[in-house]
Amino acid sequence: MTNDEYQVTSGKWSLLVGLLVGALVLASCSSGNSSNGLGVYPKALGGADEASAIQSLRTIATAQAEMRATRGAYGNFDALTQAGLLDARFAGSTPNLRGYRFTMNVTDSDFSVNADPQATETQPATGVRHFYLDSDDNSIHVNTTQAASKNDAVL
């Protein structure tokens, strides 16, 4: 075997080994059986759903501030939806959006809202953190094991 033939054969094997290693890395990343039970895709989906829940809480806070400024009192989800401050996805007493259930306690002078991971018939729960926001400090609080409250860490 000449030196040129050896280099071509060696290069083919290097390419083959590189492709095999790359395929193994991709397979391990997309596997649903990683050490903590979730593959890359479900983790990314959970992160996106948590980000959506956080943004929804900010949207709710803005809607509540506008409701209080224009009507003199805070409102529940239906009142905020009927006033055009939230869209129809928020209608009802406990709306579900992207794997999170939102619950609100409201009086004329204050409100609090929780966003908790919740599976439905059509939407699995992918997020794992629980969120809380109220009219006192308008900060989002987070808890990884149970419904969050004002005593939990600020996000």
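Contact is taken here to mean heavy atoms within 4.5 Å. The model is predicted, so that local features need pLDDT of at least 70 and side-chain atom pairs count only at pLDDT 80 or more, while totals for chains, interfaces and linings use all residues. Residues are numbered from 1 along each chain as its sequence is written, and side-chain values use heavy atoms, with hydrogens and water left out.

Not counting residues up to four places away in sequence, Phe77 touches Ile60, Leu86, Phe90, Gly92, Ser93, Pro95, Phe102, Thr103, Met104 and Val113. At 2% relative accessibility Phe77 counts as buried (under 20% relative accessible area, with exposed over 50% and partly exposed in between, for a 1.4 Å probe and protein chains only). Phe90 is likewise buried, with a relative accessible area of 1%.

Four aromatic pairs are present, a pair being rings of Phe, Tyr or Trp (its six-membered ring) whose centres lie within 6.5 Å, with planes under 30 degrees apart counted as stacked, over 60 as edge-to-face and the rest as tilted. The rings of Tyr74 and Phe111 have centres 5.0 Å apart and planes at 65 degrees, so this pair is edge-to-face; both residues are buried. The rings of Phe77 and Phe90, by contrast, have centres 6.4 Å apart and planes at 20 degrees, and the pair is therefore stacked. Phe77, Phe90 and Phe102 form one aromatic cluster.
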